[in-house]
Each structure stands twice: as C-alpha cells, then as structure tokens.
Amino acid sequence: MSSDHSRDPCPIVILNDFGGAFSMGVIGGSIWHGIKGFRNSPYGERRIGMLSAIKARAPVVGGNFGVWGGLFSTFDCSVKAVRKREDPWNAIIAGFFTGGALAFRGGKKHTLQSAIMCSILLGVFEGVGLMFQKYSAWQNKPQAMAYPDQPQPMA
Amino acid sequence: MSWLFGSRKAEQKAEEPVQQQSLGFDPTSVSDISNILSTPGALDTSRLHPLAGLDKGIEYLDLEDEVLNQTEGAQGLIPSRGWSDDLCYGTGAVYLMGLGIGGAYGFQEGIRNIPANSPPKLKINTILNHITKRGPYLGNSAGVLALTYNIIDSTIDAFRGKHDDLNSVGAGAIAGAIFKSSKGFRPMGISAGLMAGAAGAWCGLKSLLS
C-alpha cells in the first residue's frame, strides 16, 4: 500500500486531524443537539431551548471528537515512525493505544477492554477500506481487447 | 475534505513552462546523421530513459488534483490546499493551544489544592481532576471561536476574491460577536473588539514570520 498523498506529511498532519475532528464534532454536535434541544423543550421556548442546548453541548462533543482524532493521529504517526511501514496494522495499533489512553483513568480492566474494542473497530474500518479499494481496482481492471468475430479475409 | 464537499477547481494561472532546449547539438548546423551521432552528449542514456528523473522523488502537495490555494494574498505559513486546510489547521492549532494553556492552569491549581497529608493516588487524582476541568473548557471555547473565525474568513475571501489583513480583522470581529450573541450587546461588542485585536495581532505576527 503506497502512502496517501492527499494528506500532509507526518508530524504536521496531527494538527490537521485535531482541527478536522474538532470541526466535525462541533458541526455534527450542533445539528444533533440542536434537534434534540428543540424537541425536548416546551412549546414557546423551543428556539431558545435549541440554542442553549447547542451552546452547552456542541463544544463538548467537538472536544471529545477532537481529542480522539488528535490522539489517534499522534499514535498513528508514532507507530509509522517506529515500524517504518504503512499498512492497516498501523491504524489497528494506534486504535489500541488511543482507546487505552482515553480510558486510562477507569482502571486496568476498563483500559484493556476499551483498547481492544477500539482496535477492533479500527480493524473493521480498515477492512472495509481494503474491500472498497479491491472493488475499485477490480472495476478498473485492464481489459483484453475482443477478437474480431471473423478473421479478415486476406486480400 | 474534498470528498465530502467537492471543490471548485481554481483556475490555473501558472503558464506552461517553456520547453527547454534539450538537444545536445545545434539543429541548424546538422549536415548528416553520423554527424549527430558522433556529437558527445547527444545521446545521453540517463536522460533518454523513460524512467529518467525519478530519483527526485515525489513532492508533497505537488500533485495535479491537489492544487495549492491560489487566492491572492492567502499564502500562509504552511502550504494550504484551500479553505478546508485553513479550517483544519487553524482550528487544530488554536484548540490545542487552549487545551495546553487551560491544562497548565488546571495543573497549578490542582497542585495548590492538594489536600494535606493525603495518599499519592488522591494527589494524582486531584491534579488530574483540575486539569480535565480547566483544559477542555478553555480548549473548547477557543476551538469554537477559531472554527467560526476560519469559516467566516474563508467566506469573505471567497466573496472578495483576495485575502488581506482587513478580512482577518473583520472575520475576527464577526466571530467574536457571534460567540457572545446570546449575552446582550455590551458583551458582544467587547468580545468582537477582543477577537478583532487577536486577529490583527495574528496578522502582524504572520507578516513578521514570513
């Protein structure tokens, strides 16, 4: 698997992933908590309820996303630097560390469980990605040209 | 992010580079073939090979479908492919900075609030609790501000077709006003002024660094 050139080189891409994940979380969280706050407010206060729900919760969702994405990117870069290769195992190992680091305050058992769950999740993602890659490669496979039905008579 | 939003291709302003004279001889002074073949350097195998020049390697951000941002005056400190890169880098940097500063503040607050003669586990927990209370709060607020600022900045850039310090200051003022828009006019004005000042300071720093 060759490296992905639509992304920046390693140490600085961490910043990009932090910001990207945070923005995604804030925008998605605004939509999610906006709808939720609107529906859960009494009539007459629905818009103000939506606004306060967004203000209270969207940045937190963004922060959770951002920390996850940034930690993952940091571990991904570190694993790449140590292993000196790029394959799906990078993401799985980085997912293991990310899940573990985020659950570290919950005790040993919780840390291990969360790390394993996270690496399984990343493994599934990578598997689906590989499937898509294989499928698109199969779609663009080189085609042999068809033989003409009848041999041209020699003149 | 172009897979998500699609991106309008910026018009290519760079002209095709003029084809350089690469023949090893002067074409006007050719009389016959053997004359050409005997000229030293005419048939340089290291340049005629189909894979010549590959030792230069691939350059990042230099591929055809990843054109750098070509808005006038928008070239920042790091190369950017457009508004989504600006958004990600700007938000990420400010968010991380807020997280770090808030975390540092929480750390010293936690150190000061350690209960007297407590076991080490409790000490660590006290410090961590204070860090996780202050860090994410400051980081989230700063990140949301930076996100709003970057979205507005890129929008103004796209409308005006160029980027300058006035854009940044204006975007900062609008972002600050939106951030405090539910608190009344006075906080809105104060926050808009603060953000405009911060954006102006950033512009000054950027021009100093580049």
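Visitor: What does Ile14(A) touch, leaving out residues up to four places away in sequence?
Guide: Ile14(A) touches Gly70(A), Ser73(A), Thr74(A) and Cys77(A). Contact here means heavy atoms within 4.5 Å.

Visitor: Before I go on, what are the ground rules?
Guide: It's a predicted model, where local features need pLDDT of at least 70 and side-chain atom pairs count only at pLDDT 80 or more, while totals for chains, interfaces and linings use all residues. Residues are numbered from 1 along each chain as its sequence is written, chains are lettered from A and ligands numbered from 1 in the order in which they are written, and side-chain values use heavy atoms, with hydrogens and water left out.

Visitor: Ok. Which residues make up the largest nonpolar core?
Guide: There are 10: Val13(A), Ile14(A), Phe18(A), Phe22(A), Val26(A) and Cys77(A), plus Leu87(B), Tyr95(B), Val144(B) and Leu147(B). A nonpolar core is a set of buried Ala, Val, Leu, Ile, Met, Phe, Trp, Tyr and Cys residues joined through side-chain atoms within 4.5 Å. Buried means under 20% relative accessible area, exposed over 50%, partly exposed in between (1.4 Å probe, protein chains only).

Visitor: Which elements give two or more residues to this core?
Guide: Helix H1 (10–40) of chain A, along with helices H4 (83–112) and H5 (120–160) of chain B. H1(A) gives the most, 5 residues. Helices (H or I, at least four residues) and strands (E, at least two) are DSSP runs, numbered from the N terminus.

Visitor: And what lies apart from that core?
Guide: Another core, of 7 residues, including Tyr149(B), Ile152(B), Ala171(B) and Ala199(B).

Visitor: Switching to the interface: how many residues does each chain put into the contact?
Guide: Chain B puts in 27 residues and chain A 21. About 2200 Å² is buried between the two chains, with carbon and sulfur atoms giving 67%. Buried area is the accessible area (1.4 Å probe) that two parts lose on being put together, summed over both.

Visitor: How many salt bridges between chain B and chain A?
Guide: The count is 0, taking a salt bridge as a side-chain nitrogen of Lys or Arg within 4 Å of a carboxyl oxygen of Asp or Glu.

Visitor: What's the secondary structure of chain B?
Guide: Chain B has 7 helices and 0 strands. Buried residues are 27% of its 210 residues.
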